Amino acid sequence: MSRSLPLLSISEVEKHNDAKDCWVTLYQRKIYNVTGFLEEHPGGAEIVLPYAGKDITEIMADLESHEHSESAYEILDDGMLIGYLATPEEERNLLKNKNNTPVEVRLNGEEGVVGVEGGRDFDMYEFHTELPMEEKLSIQTDYEEDAKKHKFLDLNKPLLMQMLTSNFTKDFYLDQVHRPRHYGKGSAPIFGNFLEPLSLTPWWAVPLVWLPPNLYIFYVGFVNQSPIIALSFWAMGLFVWTLVEYCLHRFLFHLDYFLPENQYAFTLHFLLHGVHHYLPMDGYRLVLPPALFIILAYPFYKLIFSIFPFYMACSGFAGGTLGYIMYDVTHYVLHHTKLPKYFQEVKRLHLEHHYKNYEKGFGVTSPFWDVIFGTEITDTFQKRK
């Protein structure tokens with residue numbers, strides 16, 4: 001059975017050229033990571049290292065240097081094959097990807113024949129029993145094949161107008177919008193015109209915009225009442241935020257099956273959260289735009305300042321809004337950053353919400369409320385409808 005692997009440029013291979021990270025190519029096509037094999041090589045690592053980041057076809061066939069049996073080639077293919085080297089034409093196509101997005105290829109069954117397939121033997125559009133390898137999540141979707149096969153949205157065209165003019169049923173919309181795609185060239189167009197920047201928010205905008213007023217509100221509450229009371233209400237606000245985070249994600253962002261059966265409702269859902277599930281690795285649609293945060297935060301602001309005395313409310317609201325800031329930054333980090341081992345479990349749980357079961361795993365910064373309310377993702381495989 002064929003395996004799908006990324007197509008890589010020669011410049012990428014050449015970066016892996018030392019004992020700690022050693023790649024080689026064969027037939028100027030297959031790419032192998034032989035780092036773990038260096039010490040096991042019968043001739044020693046010193047024979048391999050001069051070829052780190054280079055092609056080994058000639059030296060493998062050189063009988064005077066070291067005769068290699070067929071099993072040597074089989075060992076490379078069985079455990080160390082990690083990708084394919086792009087031809088000059090394929091590399092030109094790779095360079096068109098703004099974010100150096102991997103293009104997936106697979107061996108067609110004949111030695112040395114590689115076809116650019118868009119990952120047909122690895123279907124990103126389905127739930128998976130196991131979380132896909134992280135590099136799989138950034139393989140560019142074949143736009144034309146996707147539109148033809150699924151008859152949903154065409155990533156070559158602005159998405160908003162397609163949503164407004166479509167005639168999807170609710171079941172079809174919910175099924176398709178939760179099947180992950182990857183645009184691979186920045187952010188897919190929503191408006192397709194001068195309004196496009198309004199749909200894009202870099203992660204750093206959240207702390208840049210909201211930390212200064214958050215610290216000011218905290219300061220007002222802290223200096224005008226007992227520090228113990230101020231810190232207690234601040235901590236309470238931070239804790240309450242974790243519940244708000246869970247509830248907003250579960251009951252608002254995933255309103256899903258309670259949506260009215262019409263395209264305007266689907267479009268609103270798409271803009272609010274559906275586009276994130278449709279394109280989960282889009283780095284500019286992972287945090288709330290400031291205007292949307294104001295709309296969502298205003299009811300909580302009114303409630304808190306109507307229930308508690310002013311300075312207590314300041315402390316509590318500062319704790320809650322800090323929780324939000326941490327949530328949005330965490331959300332970006334979980335999608336786009338390699339994390340220390342301690343945070344890997346949090347990242348795994350959130351990515352499983354996208355790639356295994358979007359109806360569970362609503363906690364982003366913590367699985368605490370998922371455990372309390374029984375919505376944590378388990379190893380039980382749940383197939384999409």
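The buried residues of H8 pack against helix H6 (143-150), H7 and H11. The exercises below start from this packing, and they all concern a predicted model.

**Exercise 1.** Determine which residues of H8 are buried, and how many of its residues that makes.

*Solution.* The cut-off needed here is a relative accessible area under 20% for a buried residue. Applied to H8, it selects Lys170, Tyr173, Leu174, Asp175, Gln176 and Val177. Six of the eight residues of H8 are therefore buried under that cut-off, and the helix is mostly covered. For the protein as a whole, 46% of the 385 residues count as buried.

**Exercise 2.** Identify the elements that give two or more residues to the largest nonpolar core, and state which of them gives the most.

*Solution.* Begin with the core itself, which has 21 residues, and in which Leu153, Leu155, Leu159, Tyr173, Phe270, Tyr278 and Leu279 touch the most other members. The elements that contribute two or more residues to this core are helix H7 (159-165), helix H8 (170-177) and helix H11 (263-278). Of these, H11 gives the most, with five residues. A separate core of 20 residues lies apart from this one, and its members include Leu5, Leu26, Val48 and Leu81.

**Exercise 3.** List the residues in contact with leucine 155, leaving aside its neighbours within four places in sequence.

*Solution.* With those neighbours set aside, leucine 155 is in contact with Thr141, Tyr143, Arg181, Tyr183, Ala188, Pro189, Tyr278 and Leu279. Two of these partners, Tyr278 and Leu279, are also named among the core residues that touch the most other members.

**Exercise 4.** Work out how strand S3 is paired on either side, and whether it is enclosed or open.

*Solution.* Strand S2 (residues 17-18) pairs with S3 in the antiparallel sense over two bridges, and asparagine 17 has cysteine 22 as its bridge partner in S3. These two strands form a hairpin with two residues between them. S3 also pairs with strand S4 (residues 30-33), again in the antiparallel sense, over four bridges, and here leucine 26 is partnered by lysine 30. The hairpin of S3 and S4 has three residues between the strands, and in it tyrosine 27 takes a positive phi near 60°. Because five of the six residues of S3 (residues 21-26) are buried, the strand is largely enclosed by the rest of the structure.

**Exercise 5.** Compare the annotated spans 228-248 and 283-301 with the model.

*Solution.* The unreviewed UniProt entry annotates both spans, along with 203-222, as "transmembrane region". Residues 228-248 are 100% helix, with end C-alpha atoms 30 Å apart, whereas residues 283-301 are 63% helix, with end C-alpha atoms 29 Å apart.

Notes:
Residues are numbered from 1 along each chain as its sequence is written. This is a predicted model: local features need pLDDT of at least 70, side-chain atom pairs count only at pLDDT 80 or more; totals for chains, interfaces and linings use all residues. Side-chain values use heavy atoms; hydrogens and water are left out. Buried means under 20% relative accessible area, exposed over 50%, partly exposed in between (1.4 Å probe, protein chains only). A nonpolar core is a set of buried Ala, Val, Leu, Ile, Met, Phe, Trp, Tyr and Cys residues joined through side-chain atoms within 4.5 Å. Contact means heavy atoms within 4.5 Å. UniProt positions are given in the numbering used here, feature names are shortened, and annotations may be inferred rather than shown by experiment. Two strands pair if DSSP finds at least two bridges between them.
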